[in-house]
Structure formats: structure tokens, C-alpha cells
Amino acid sequence: MLWTRLCRIGPSHRLKCWTYLAIPKTLCSHSSSIQPKEGLSGPFPLKYDSNEVECGWYDWWKTRGYFQPCPTSEEAPFTLLLPPPNVTGILHLGHALSTTIQDAIVRRKRMQGFNVSWMPGSDHAGIATQVVVEKILAKKGVSRHALGREKFLDEVWKWKHEKGGVIFEQLARLGASLDWNRTTFTMDQSHSEAVTEAFVRLFDKGLVYRALAPINWSPQLQSAISDIEVDHLSVEEKTAIQIPGCDQPVEFGVMFDVAYKLDGSEEEITISTTRPETILGDVAVAVHPNDERYSHLIGRHLVHPFRSDTIPIIADTYVDPQFGTGALKITPAHDANDFEIGRRHDLPIFEIMDRNGSIANSKSDFDGLSRFAARERIIEELKTRDLFRGSKSHSMQIPICSRTGDVVEKLVQPQWFIDCDQMAANAMSVAADGQLVFHPTSYHNVWKHWLENIRDWCVSRQVWWGHRIPVWKAHVKGQEDHWIAARNESEARTKAEIHFQSKEVVLSQEEDVLDTWFSSAILPFANLGWPQMLLYFQESNEKGFPNSMLETGHDILFFWVARMVMLSLELTSKVPFPEVLLHGVVCDSQGRKMSKSLGNVIDPLVLMQGTTLEKMCLQIRTANANGTIDDKEMSKALEATVKDYPEGIPVAGADGLRFFFFVYDIKAQHINADTTILRSSSSFCNKIWQASRFLVGSLDRSPQLIPWKMEPYLAQNRWILSRLAVTVREVNEHFDSYDFYLSSQALRRFMYTNLCDVYLESIKHILIDPAHPDFRETASVLHQALISGLTLLHPICPFITEELYHRIPLLEGEVRSESMMIQSYPSYCDFEHYEDSNLMSEMEVALDLVTAIRDQKKNYDLKRHHKPKIIIQYSKSNVHGGLLELKDIIIQLCQIEAITWAKDVSNLDPKCFIKSSIDRDTWIWMDVQGMLDLEKEFVKLTAKRNQIRKQLEKLTKKLSSRKNHAKQAKDMDKVALLEQTLVELDDREAWLKAFK
């Protein structure tokens, strides 16, 4: 058929949204002027090839401007923020899952007529990026300190421009329809200005302060890190672990008992610790006030093992009397809980460790030793002083820096904090009154619990790459220094001169940078121009703020989502989004978190493109050679890969991977992804491809025009449109509730089972014959069902649906948009009139009957060319009336000669028929004269009988030794069942002999 542009439809801003009308076949084939990619006008390929199908479409969509919203559109806006991946990142399964979910949401919204902007961006990832660049420099023999701050930052920017966009290319490969014109990098000038503005406003409101506090310190990074950057390694017993910077493995999982002597007495208190090196910083020993073992000692003092002073015994309800000895050493400088206890009891802070993780200022001979070397020396010295009381294996969790693998220490350092109390209360309030909704709803309680127990936010980091904190220390000789927040140094000087009433001000800017989470927490509004476009947020919702929703992983609910809500409420007085969809953590099929050490990490690009086992193993060995994974991790990874992927990974394509994700309930806490089932996703795509190819071939055979949406009369045509109506309703309902796995189930059931396995098989005899009286109606219905199904599927599988959308010809009177991306999404109200519940119920009965007949044919190895006659014997008053109408469908699906229904079958010759039951009231009689291979049937009976007898023998032996009566009864039931099966086999053999 020849396609010709007819008119423009849809909203006025879609200037490229053309529709097409089919004109008489005599003018045949596609117009080259509208070809979106090469090859569409050629023959329909025999096989589905994801590489060929997915090539070219993304660039075409992007060129046509489909990813961008229209600023003058009257349509309702739909804005969504892509959680910004780290600029250092490459696509992993978590990214791929989140991107697939969001892309499905925004594609459907576009098709529903919304003016969509899905905003991408990348996070500068202060610590992670600095680590990457420092490693690169180290290979050249250069350190950041040797370069200096400015030159080092130049190197980081250089790396970012060269390598920082890799993940965006990978997102495009997955089909992410992002509004690339709104791409944000958190270190861009405009975003940096927004970060500064946000901080200064918070500071001027009195919400920012500087204080000493315990922080997570990474000696290798020389920086404070957030809780999310701390991994917790569990050890159950004494375990040697290699720590970066240590020549020898360090032992963990050991509890040491140490005696503290009572001052002026030989009495002692024994404490237990896994970190003996921190004894040097002990300032007290705490006991529970109700612990009778120590109540008489509260207020007394103990002699410190290594210092020439004493420390008090204090009472605090934090202490667990059942843990260890019930006496807790207090080291406020190096433990967060001890710091809080120390603050309650006004204890001194005695720091004994420097930023390199070495002992310093401890007033002992251990100064200068690394923390782990000091640990060994301290144990030796305690033994010498007769204060060591033993050690034992002890389960514990070791805080590990996720960036370096180093052990994290708690240090008390001056840091910048944001007071979160009131902001947290505001965030709880908007969730409580329904302004903020979570999916799943169970996270409402989690949200409330966490915010009720929130701590102030430490926002300073001791690295160079990031937003330098916009505070200056103002100094005037003879006066106390004063900290000032300002947008630039000039503003800082003006503020300082006003404060001091002096022009003799010396300014020095804070060296630390802001926590990366701070800059990403303002993205929902900063991405749309805040603060310059503040007017939009106060008076209008048309520019996309608040965002329409947020989708992200539940593991960053508090690190990112809570902070976005708190800062948005504080800075714009608006909730940044009305609802939050939280997906689970992607794990392997065994429920284990993806990690290099387990060898279960799979690159989603590999899943899309496929690979061999040899290449997978080579990649693992290369990672080991590059130092990315160690020998132990390599060994585990190789073992897991050989076990899970003995034949490598087949090509799944982006569509196959996307559909695979929607097999799972994404709202579950953990998503145990079994990547071996990707084959079924590819099979699904191939099934749709072949159905479309069959339709196109049928239309090409037609000598006449096929009208669009002909009224159906045939039962199978009415049934498939009824099933389509139900599918449209179910898919939309499940999409709206974010139950995507139920949407994919409904689509698979319709496209794979209803359409391909049932409907197509029932109409093939019609569509291979253009002269058949039902050809035009059936072709029109198949076209409508397939196009509608593809349109429903497009948000999940955009590439194959777009390809087939352009390959399937239009029918007479049909109009379509230029692209599936902007085709209207099916709405139930347009299909409701097709739904026929009675017909679908009758069809269910018919399909059960089809299954039973097929099984009977299979049991007797009847070939495809064998077409027996079937008689259905029924004992009820009458047969299902609808089944008679579906008679032809049953004949086609079962490949039988004929089917009839009868109550009385006494006239049948039992030697000619095979009988089987469907239920208590219905039997199938199959005429198999001349169709059975009797010798083969006797062999099968003998093999089956021998198998049953072996099972009986095994069960009989079990019964003789069983003492458990309940299990014995179950085994006896099994024996009875097997014996009954033997009787049935004997009857069958007798029938076969008679038949012979």
C-alpha cells in the first residue's frame, strides 16, 4: 500500500504529529518521504532480531523532538526527575530498573496527552569522583596535594568532560525518553548558584551551625563520609581481613576483656571491647543504675590503665546489663553513642587518633603507631601489667568505607550542620495530611519513625571536588572571629564590615565542600530555574513544579527523598512532589545483594547484547588484572558465572530486558532477579513479531481494501475484542496503581496466549484464503487487536512496538500519528462495548475442552495429520449453549475432523474409541481407528508399570520403618494411589489388546 500524509491531528504543539490514510493497493508501497529508518519498505524479516529492530529508532525519536515538552502547550504538565546517577557511574541493574519504570510511566503519560518533561542529570559525586581522579593521578606518580586545589580541580573537570557522559549513552540504549534539553550537572554554574542560595538562606534563618560532633571519617579518603557511604561487613568469629594501607591482614571479630582497678583498692571492674586502641581515650566507665553488681561503685573512680589519672564510674540507662560484663567504657571522641553519654554527663573529650588513623596526643608511648599496630601493642602491654582478662570470638559489624575499603573511624571534628528538627516535623505533617503519598503505603510509618528520630545533618566534607561551603571566617584584630554566609566574597565582606563596624576585616573561606546530597536535594526546583523563577512556584503550577511524582529506590528514602521534601518546604513552601513510588533493591535469584565479592554482578548492557561464557570469564579476569576485584572476588565471580551461565547470555535487547523487569513486583523490598528467564522475554517479542508478520502477509494477499474496525460477527472475532477490552481495563488499572507486573501479566496473557496461541490458530484457515467470506472482517479484527495491543505495550517495549507500528499497513479509514510515541493510549471507555462476559465464560469452557483433547492426542502420540472425530458425552440436562457456537474454534485449535455432543453413547464401539474424563459429568470419546502405534503403546505401558512398581517398593520399605503416625498415614495414601494407577494401567492394556 502507498502511504500518504493527510492531515495533522492532536494538540497544536505537535507540529510533526502527522496521520496517514491508506489508499488503493494499486498504488502500493511506502512513501520514502516518511521513512524513519532504512529497511522498513523491504520484505518483512522472517525472524525477530532485536539488534536490527532497536537500531535507529532512538535517534529518530530524539530528532523529531518527541522527548521535549512544548512551552506553549495547553496540555497538563507531567514532570519527573531522574534520580541523578553519579558522574562516575556506569549502568547497573538498579539504574536500569529505575529507568525502565520511569520511562514506562512517562511514555504512557505522553500518549495520554500530558506535556511531559522527564529531566535527566548527573551528580558530581564529590567523594567518588575525587577517588577516581586521584587513582588516575597516582598511576602518573602525582598526588592532589602536590598539584594543589586549583590544578587538581582542573584535572577533575577534564576527566568529567572526557568520561562523565558514559551512563547517558547507556540510558539511551535502554530507550530512556529523557528531555535532554533539561540535563543538569550538579556542578553547573546555574545549579551551583542555586546551591549557594539555598545554603545562605538556611544560614540566615539560623538553621546552619558549626559544632564539634562525631563523624564517619575515612582515613584513606581524608574526609568525612555520610552513613550511606558506610558499608557494614558482618563477621561471626575471629577473622583476618586485609585493610588498605596495612601490610598484614588485621584480625576482627574478637572481644577483649580488660580490668580497670578501683582507685585505692584491689577491687576491679572488667570491661569488654573489640577496639582496645580506644582505651587510650577512655574518660569513664558506665553501668546501669539498677545493676546491683555495680550500684555501690557509682561515683567512685578507676585508675586508667595507661594514663596517670583516674576516670569516674557513672550510671546511665543506655548500658545493657546483659551485654558483656555490664560495664561500658566511654570514649566520647571515637564513638557516637559514647559522645551522647559524655554530653549528658559533661565528660571531657580526649582525642587519641589523628586524621591518618594513627595514635596521637594520647600521652602514651603508643603515639605515632597506626591504630591496628597500636591495638597489638596495647594488648601486649595490658598482659604485662596484669590487666588482660582474656579474649574470645565475637560477632560484630565492621564499618567499611564503600569508596576505599578502609575501616571507618568516628572522630570528633568541627563540622557544619543543618538543624533538621522543624523541617522534619514539616515533612511528617505533609505525609500525615495526604499531601505526600508513598507507594507502597507501608513507607508512611517508616517515614514517620525515621523523621521522629532524625539527627542534625552534617553537610561538610573534607574533599576538594564539590561546592565549596559559602561561609567565610571574618577576623578583626582584638575581636572574636565571626562566621558569615554569603553568595560571594564581596557580599561576605559587606556583611562582615556591618557586623564589626570596621573596614579592617580579614576573610578566609571555609575549605570544606558541601555534602553531595545537599546539592541533589534541591534538584526538583533548582532544575526548573530556582531561585530566578521563584514566581512560578508561588503563583503557578504550569511550569512543572511541584513535580508530578518521584520514583526511586527505597534505600535512599531518607538520604535523598526526605531531604528534598524538607528543603523544598523550607525554601519554596511547597511539597516537591505529591507521591513517591519506591522500588526494591535488585538482588540475584538467591536473594543476595549484587556485589563484586559474591561474583553476581551483571552488566545490563551484557543482558541486552548477549555474550559468551568465555567473554564473561575474560571480563572478570581483566577486572582482576586491573585491580578492580581481588583474587578471592575473581574466584567467586568465575565460579558463579560458570554455574549460572554455562551457555553464556542470549541476546535479549532493550525491550527484552525492560519486559523482564516488569515480571517482578517492583514495590517489593527485594527484587530477586533471575536473569536466566530473559529468554522468555525474547520469546514474547518474537511471538508478537511473527503475529505481525502473519497479519502483513494476509493483508498483502487481499485483492480488496480492508475497512478499519469492522463490526465483528464471528465468535472468535467477538471474543478477541472482548479480551482486548478487558486487557485495556486491566493494564490501565495496574499502571495507575504502579503494579506493573500485573500490567505485564495482562499484556502477556492477551498478546501471547489469547491473540497468538488461541485466536490466530483459530483464524489461520480464514486469512490464508482471501476469498473466504469472513476474510475482510477477520483481517480487520486482527489488525485492530494487534495495533491496540502494541499500543498498550509501547511504554514497556518501545522499540519493537514502534517498528511494527510502521510495518503494519493502515486500513481504509484509519488514521495514526507519525509515531507510536504520540499515538493515543488505549482507554477502556473506547473498548467497553466489546466486553462480553458470557462469551468469555463459554470460551473458557471451550478452551478447557481443547486442552483435554490435545492432552489425549499427546498421550497417544497422535501426529498432526491425524484428525480424529470427537464425541463429548455429558450427563447434565444440556450442554453449554455457547459451546455449539464455538464448535469451529474447537475443531481448528484441536486439529480434529469433527466434534459432537451426546448424552447416550451406547451405540459406540468401545474398541474404536479412547475414553477420558474431563470432570464427573463429562467424558471425551476419541475415534482413533488407524491412528495408534499399538506396539509403541505396549512399550510405554510396560515402562510406566515398572516405574510405579519401583515407587511402591520404595514406599513399602519406608512404611515398615515409620514411627510417625501422621507420615505413615500419608505414605499409605500414596501407596493406595499407586495401586489404583496399576489397576488403570491393566485396564488400558486390556483395552489395547482388544483394540488390536
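Modeller: Histidine 124 is buried, with a relative accessible area of 0%. Buried means under 20% relative accessible area, exposed over 50%, and partly exposed in between, with a 1.4 Å probe and protein chains only. This is a predicted model, in which local features need pLDDT of at least 70, side-chain atom pairs count only at pLDDT 80 or more, and totals for chains, interfaces and linings use all residues. Residues are numbered from 1 along each chain as its sequence is written, and side-chain values use heavy atoms, with hydrogens and water left out.

Histidine 124 sits in the loop between strand E5 (121–122) and helix H4. Helices (H or I, at least four residues) and strands (E, at least two) are DSSP runs, numbered from the N terminus. What does histidine 124 contact, leaving aside its neighbours within four places in sequence? The list is Val87, Thr129, Phe185, Thr186, Met187, Trp465, Gly466, His467, Thr516 and Ser519. Contact means heavy atoms within 4.5 Å.

Now to H4. Helix H4 has 14 residues. From first C-alpha to last it reaches 20 Å, close to the 20 Å expected at 1.5 Å a residue. The expected span is 1.5 Å times one less than the number of residues. Gly126, Ile127, Ala128, Thr129, Gln130, Val131, Val133 and Leu137 are the buried residues of H4. They pack against helix H5 (144–147), helix H6 (149–163), strand E8 (223–225), strand E23 (460–461) and helix H14 (516–521). Just after H4, glycine 141 takes a positive phi of about 75 degrees.

The whole structure holds four cavities of 30 Å³ or more. A cavity is a set of points, on a 1 Å grid over the protein atoms alone, where a 1.4 Å probe fits but cannot get out; lining residues have an atom within 4 Å of a point. Grid points are joined across faces, edges and corners, and a volume is the space filled by probe spheres set on the points. The second largest cavity has a volume of about 40 Å³. Its lining is Gly126, Ile127, Glu229, Arg461, Val463, Val513, Leu514, Asp515 and Thr516. Helix H4 (126–139) and strand E27 (513–514) are the elements that give two or more residues to this lining. By class, the lining has four nonpolar, two polar and three charged residues. Here Ala, Val, Leu, Ile, Met, Phe, Trp, Tyr, Cys and Pro count as nonpolar, Asp, Glu, Lys and Arg as charged, and the others, Gly among them, as polar.

Next, some backbone features elsewhere. Most residues other than glycine have a negative phi, and most peptide bonds are trans. Histidine 439 and proline 440 are joined by a cis peptide bond, with omega about 0 degrees. Proline 440 is in the loop between strand E21 (437–439) and helix H12 (443–452). Tryptophan 530 to proline 531 is also cis, with omega near 5 degrees. Aspartate 346, which is not glycine, has a positive phi near 55 degrees. At 71% relative accessibility, aspartate 346 counts as exposed. Tyrosine 738 has a positive phi near 60 degrees. At 9% relative accessibility, tyrosine 738 counts as buried.

Terms used:
1 Å grid on protein atoms, 1.4 Å probe; cavity = no way out; pocket = protein on both sides within 12 Å on 5 of 7 lines; lining within 4 Å.
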